[in-house]
Amino acid sequence: MTKTFKTGRPKKGSERARRAAIVDAARRVFARKGFGAATIDAIAREAGAAKRTLYEAFGDKAALFRAVVAAEAGAVLGSPGKTPGLRAQLEAFAFAVFTRLYTEEKAAIYRMVVSEARAFPGLARDFHANGPGRGVVVVSGLLRDAAERGEIACPDPLAAARHFVSLMIGEPHLRLVLGLAKPPSPARARADAKATVDFLLRALAR
């Protein structure tokens, strides 16, 4: 049964749940319909919420898409957390990418962004800035800190971070987007994360 949110002042603690449910609904609608064909009405029905609630919480469809990307990016970027050690931090990040972004739904959203980039250039900018772009910034910070501690030789942390992200969102991801591959199992994702980090750290070894 679709959960319906009542109008009026939300109870304490319910506002975050309501926003999360709307973002989840928007993600599903965008994946099915694409950005251009998705409507606030469709998202409201999917969320079981009043259309006015969506406008009050997010403003417009573009803001909803930014919230979808930011929510997923937050889950991935928070993966290193307080894990000690550069290798563990990078492997946690890579595993989050391989498990959260390598899904049929996320592949559909990626196809949507690529196909509608010309019609909605702001969509592509928001997707990159709030998704891969944020990932590069987080990884470059980890590499810069490790270089300052003398653990790795990394004169250009930003360039190294871009290469690292490209290793994860490269040919294997393209095969998934094209429908030529299936999402990896958790075991495969963990092995791929380790192999990717091994490759990077060998390149940055002192």
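Let's start at Leu178, in the loop between α10 (171-177) and α11 (186-203). Helices here are DSSP runs of H or I, at least four residues, and strands are runs of E, at least two, numbered from the N terminus. This is a predicted model: local features need pLDDT of at least 70, side-chain atom pairs count only at pLDDT 80 or more, and totals for chains, interfaces and linings use all residues. Residues are numbered from 1 along each chain as its sequence is written, and side-chain values use heavy atoms, without hydrogens and water.

Is Leu178 buried or exposed? Exposed, because its relative accessible area is 54%. The cut-offs: buried is under 20%, exposed over 50%, partly exposed in between, with a 1.4 Å probe and protein chains only.

Together with Leu174 and Leu180, Leu178 forms a nonpolar surface patch of about 320 Å² accessible area. Nonpolar side chains (Val, Leu, Ile, Met, Phe, Trp, Tyr) are joined within 5 Å, like charges within 9 Å. Areas come from the Shrake-Rupley method with a 1.4 Å probe; for residues, only the protein chains shown count as cover.

Now the whole chain. The chain has 11 helices and 0 strands. Its C-alpha trace spans about 60 × 40 × 35 Å along the principal axes. Of 206 residues, 40% count as buried. The accessible surface is about 11400 Å², with 56% belonging to carbon and sulfur atoms.

Last, contacts (heavy atoms within 4.5 Å). Among those with a separation of 6 or more, 69% join residues 24 or more positions apart.

Methods
Patches are made of residues with over 30% relative accessible area and no salt bridge: like charges are joined within 9 Å, nonpolar side chains (Val, Leu, Ile, Met, Phe, Trp, Tyr) within 5 Å. A salt bridge is a side-chain nitrogen of Lys or Arg within 4 Å of a carboxyl oxygen of Asp or Glu.
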